[in-house]
Amino acid sequence: MSYKLYYKPGACSMAVHVILNELNVPFEAINQTDLKVPDFLKLNPRGQVPLLVIDGEPVKEGAAIITYLLDTHANELMPESGLERAKALEWLMWCNASLHPACGRMFWLSRQGFDESTRSRLSQLFMSQIQTLWDEADARLAQTRYLAGDRITAADILMAVIANWGLPVALGANIKRVLKDVVARPAYQRALQVEQIEYKAAA
Ligand SMILES: N[C@@H](CCC(=O)N[C@@H](CS)C(=O)NCC(=O)O)C(=O)O
């Protein structure tokens, strides 16, 4: 099986990068910082990362890529069945389908040419939605060691990647505890080194 990961440093694609490292499978990592160039658009017309080319077939959508990889290679980051798997998927999707798009609205806003008062009102609204999500995770992590329960799963890795996007949020002590734990893993450290990213969110 051959894997080619297209990533942009520090973006959501970093979760796939960390997971490929965790799985100890061979892969090629391609820094695709410029996402709108014709060669990349041929592979992914949306011009987005992550993109994992599996045996020549491009696969999009981070959560699908992560689930596929964890279903295909032995690991302890995704329970195989039962309620434990349901909770691991719940929190992976929370990161991918709730937290990520909420943060994406702030990045979208920074590219619009709104007047200052519109920008400021939207920014307050978007940031309060993001903060509510982080508060939800902190409350969960006051009850459980990791997002899905007692054991680390792919959700904690994706959460750690998103936490480092530099938005002005207040991350609770329970989240920071998990971030420190996740980022200390050799697989995460290797991805930070290759992508040349400094991890600041756990401080
Ligand atoms: N739902 C997609 C979202 C991918 C996405 O938004 N990726 C961002 C990086 S975190 C990106 O490529 N943004 C560039 C763009 O949309 O132009 C996924 O989870 O893979």
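**Figure 1. Contact of α4 with α6.** Ala88, Trp91, Leu92, Cys95, Asn96, Leu99, His100 and Cys103 of α4 meet Ala154, Ala155, Leu158, Met159 and Ile162 of α6. Two residues count as being in contact if their C-beta atoms, placed from the backbone, lie within 7 Å. Helices (H or I, at least four residues) and strands (E, at least two) are DSSP runs, numbered from the N terminus. The model is predicted: local features need pLDDT of at least 70, side-chain atom pairs count only at pLDDT 80 or more, and totals for chains, interfaces and linings use all residues. Residues are numbered from 1 along each chain as its sequence is written. By class, the contact of α4 with α6 has 11 nonpolar, two polar and no charged residues (Ala, Val, Leu, Ile, Met, Phe, Trp, Tyr, Cys and Pro count as nonpolar, Asp, Glu, Lys and Arg as charged, and the others, Gly among them, as polar). The axes of α4 and α6 (residues 154-163) come within 8 Å and cross at roughly 15 degrees; α4 is therefore roughly parallel to α6. Axes are lines fitted to C-alpha atoms, for helices over the stretch in contact, and angles run from 0 to 180 degrees between N-to-C directions. Angles under 35 degrees count as roughly parallel, over 145 as roughly antiparallel, 65 to 115 as roughly perpendicular and the rest as oblique. The crossing of α4 and α6 is left-handed (the near helix is turned anticlockwise from the far one by less than a right angle; clockwise would be right-handed).

**Figure 2. Packing of α4 against α5.** Helix α5 spans residues 116-143 and packs on α4 at an angle of about 160 degrees, with the two axes 9 Å apart. The two helices, α4 and α5, are therefore roughly antiparallel to each other, and their crossing is left-handed. From α4, the contact draws on Ser98, Leu99, Ala102, Cys103, Arg105, Met106 and Leu109. From α5, it draws on Arg119, Leu122, Ser123, Phe126, Met127, Gln129, Ile130 and Leu133. This contact of α4 with α5 comprises 10 nonpolar, three polar and two charged residues.

**Figure 3. Packing of α1 against α3.** The axes of α1 and α3 come within 10 Å and cross at roughly 5 degrees, so α1 and α3 are roughly parallel to each other. Ala15, Val16, Ile19, Leu20 and Leu23 in α1 meet Gly62, Ile65, Ile66 and Leu69 in α3. By class, the contact of α1 with α3 has eight nonpolar, one polar and no charged residues.

**Figure 4. Contact between the two domains.** The domain assignment, automatic or from a database, gives domain 1 (3-72) and domain 2 (82-184). Taken over C-alpha atoms, the centres of domain 1 and domain 2 are separated by 21 Å. Domain 1 gives 10 residues to the contact and domain 2 gives nine. On the side of domain 1 that touches domain 2, α1 (13-23) and α3 (62-72) are the elements that give two or more residues. That side of domain 1 holds eight nonpolar, two polar and no charged residues.

**Figure 5. Shell around the ligand.** The ligand is surrounded by 13 residues, of which the closest are Ala11, Cys12, Gln48, Glu61 and Gly62 (a residue counts as near if its C-beta atom, placed from the backbone, lies within 6 Å of the molecule or strand). The elements giving two or more residues to this shell are α3 and α4 (82-110). By class, the shell has six nonpolar, five polar and two charged residues.

**Figure 6. Backbone features in two loops.** A cis peptide bond, with omega of about 5 degrees, joins valine 49 and proline 50. Proline 50 is found in the loop between α2 (38-43) and β3 (51-54). Aspartate 55 is found in the loop between β3 and β4 (57-59). Phi of aspartate 55 is near 45 degrees, a positive value in a residue other than glycine.
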